[in-house]
Amino acid sequence: MTHEEKRERILKVAERLFAKQGYANTTMEQIVDALGVTKPYVYYYFRSKLEIFETLSWTPTVACFSTMDFPPDDHRPAHVKVVEGLEKLIRATLAHYPSAFFPYREPQVYRPEYMAAQKQVANHFYDQLCPLLEQARDEGMLEFRETKITALAACSLAGFLYNWYRPNGRLPPEEIVKELTEAACRVIGLRVRRKAPARAASTPPAKATPSARKPRPRKTEKADKA
């Protein structure tokens, strides 16, 4: 088993315990016992239980908050990128179950330094998403009013998965991705056809000015006959 494989095994065992018992109720002793190794073995790879927890949380954080990163030469319409990014966000959240839900379930656990780094990654995500939303609206493919509120509302569909998602639930993951992506598209006001640009108000025709009347020659009285 390689160094990386041993490290990943520790993470997988710890992830299962954290998901089942929570951070506070999970000890290093329990992780060591579940692995069937000694404490020095685990401490060789991780300095503390908190480091294991933050490592588990960071991987899905990066995976989820990088879904709006598109290469500069990607010239597809903005609304296509937005929908793809939202779908990838939902898919990544499910793919990294249950560690993707740790930040929602136990946000008080993390160090301030970790929270600052997480916020920076999240801000980068919204810095990418919001201009795409506005561009797609300008192009007539989305309908919404407040950009940041719309962005937060659409992405919260993935965030609230931790409240109800179960891996062995009624719908398979792929069906959940489809349903939530369609719901997110309704939140951002995705249109089937491009909205026609508003017509400029037509200028009423200028009121015709009455043509100047030529003055009639004044009738001169006929001279009396001599």
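These legends describe close-up views of one predicted model.

**View 1**
From the N terminus on, the order reads α-α-α-α-α-α-α-α-α-α. The chain holds 226 residues, and 38% of them count as buried. Its accessible surface comes to about 15,200 Å². Carbon and sulfur atoms account for 54% of that surface. Take the contacts between residues at least 6 apart in sequence: 71% of them join residues at least 24 apart.

**View 2. Helix α1 packs across helix α4.**
Two packed helices are described by the angle between their axes and the distance between the axes. Here α1 covers residues 3-21 and α4 covers residues 49-64. Their axes come within 10 Å and cross at roughly 90°. Angles of 65 to 115 degrees count as roughly perpendicular, so α1 is roughly perpendicular to α4.

**View 3**
By class, the contact of α1 with α4 has seven nonpolar residues, one polar and three charged.

**View 4. Helix α5 runs alongside helix α8.**
Helix α5 spans residues 78-95, and helix α8 spans residues 147-159. The pair packs at an angle of about 25°, with axes 9 Å apart. Angles under 35 degrees count as roughly parallel, so α5 is roughly parallel to α8. The crossing of α5 past α8 is right-handed.

**View 5. Seen residue by residue, the α5 and α8 contact draws on both helices.**
On α5, the contact is made by L86, L89, I90 and T93. On α8, the partners are A154, C155 and A158. Six residues of this contact are nonpolar, one is polar and none is charged.

**View 6. A cis peptide bond joins Y97 and P98.**
Omega for this bond is about 0°. P98 lies in the loop between α5 and α6. Helix α6 covers residues 102-105. Helix α5, which contacts α8 in the views above, ends at residue 95.

Note on methods. Residues numbered from 1 in each chain as written. Predicted model: local features only at pLDDT ≥ 70, side-chain atom pairs only at ≥ 80, totals over all residues. Heavy atoms only, no water. Axes fitted to C-alpha atoms, helices over the stretch in contact; angles between N-to-C directions. Helix = DSSP H or I, 4+ residues; strand = E, 2+ residues; numbered from the N terminus. Parallel < 35°, antiparallel > 145°, perpendicular 65-115°, else oblique. Left-handed = near helix turned anticlockwise from the far one by under 90°. Contact = heavy atoms within 4.5 Å. Nonpolar A, V, L, I, M, F, W, Y, C, P; charged D, E, K, R; others polar. Buried < 20%, exposed > 50% of the residue type's maximum accessible area, 1.4 Å probe, protein only. Areas by Shrake-Rupley, 256 points an atom, 1.4 Å probe, with all protein chains shown as cover.
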